[in-house]
Amino acid sequence: MKHPHFFGYGSLVNRNTHSFTPLHASHITGWRRVWQRAPNRPAAFLSVIAEAESVIDGVIAPVPNDDWVALDAREFSYSRLAVTNAVQHTAQDVRDISIYAIPPGNAAPPDKDHPILLSYVDAVLQGYLREFGEAGAERFCATTEGWNTPVRNDRSNPVYPRAQKLSAAEQAFVDDMLLTLRAKVFA
């Protein structure tokens, strides 16, 4: 039986932030990842915007019980968009695929009052390290726009509700990448 799937490109790549299975590594053409904020969120999160030549890595997984309610609630600031033909994957049971994006009319640039949370970056990069290795995590950073946004260091007291504990090697990778990207990390 075929099921609807979602394409995850941020924290949904990290298996520890959800229970959606099976997860399949994939990539999507025509979308670019960007840091944005929505008016009903206190921090910046990842979103995507259409860009014909862009390709980003991510994962697909079936929607539990073919019911979007729980996933839509998790992604409450986003709109769900159909992207079936843009996703390359090896899954066999796919009926259609959707992606979540902050609607352009609701998207705003992040700022110091609405920063990226380090606990969110940690969860996302841990997922990319585990699914795609260091090269994939580096590709994630290179294909994400907006690293000049302030990053709030909440690692010791995470604000992000699905924060993850990183290994020493994972933490070193994240910290090194933020230095390389010249991210403005503040306490």
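**A tyrosine in a loop**

Guide: Let's start with Y160, which sits in the loop between β9 (150-152) and α3. Labels like these come from DSSP runs: helices are H or I with at least four residues, strands are E with at least two, and both are numbered from the N terminus. Before going on, keep in mind that this is a predicted model, where local features need pLDDT of at least 70 and side-chain atom pairs count only at pLDDT 80 or more, while totals for chains, interfaces and linings use all residues. Residues are numbered from 1 along each chain as its sequence is written, and side-chain values use heavy atoms, with hydrogens and water left out.

So, is Y160 buried or exposed? It is buried, at 4% relative accessibility. (Buried means under 20% relative accessible area, exposed over 50%, and partly exposed in between, using a 1.4 Å probe and protein chains only.) Which residues does Y160 touch, once neighbours within four places in sequence are set aside? The list runs S11, F45, R74, L117, S119, Y120, A123 and D154, where contact means heavy atoms within 4.5 Å.

Now for another loop residue, S77. You'll find S77 in the loop between α1 (69-74) and β4 (79-82). S77 is buried too, with a relative accessible area of 6%. Again skipping neighbours within four places in sequence, S77 is in contact with A38, N40, R41, I102 and P103.

Which strands does β1 pair with? One is β6 (residues 94-101), which runs parallel to β1 and is joined to it by five bridges; here H3 stands opposite V94. The other is β3 (residues 45-62), which pairs with β1 in the antiparallel sense over four bridges, with F6 standing opposite A61. To count as a pair, two strands need at least two bridges between them in DSSP.

Most residues other than glycine have a negative phi, and most peptide bonds are trans. Now look at the peptide bond from T21 to P22: it is cis, with omega near -10 degrees. P22 belongs to the loop between β1 and β2 (24-36). Then there's N65, which isn't a glycine and yet has a positive phi of about 55 degrees. N65 is placed in the loop between β3 and α1, and at 77% relative accessibility it counts as exposed. R182 is another residue other than glycine with a positive phi, near 60 degrees. Its loop runs between α3 and β10 (184-186), and R182 is exposed as well, with a relative accessible area of 71%.
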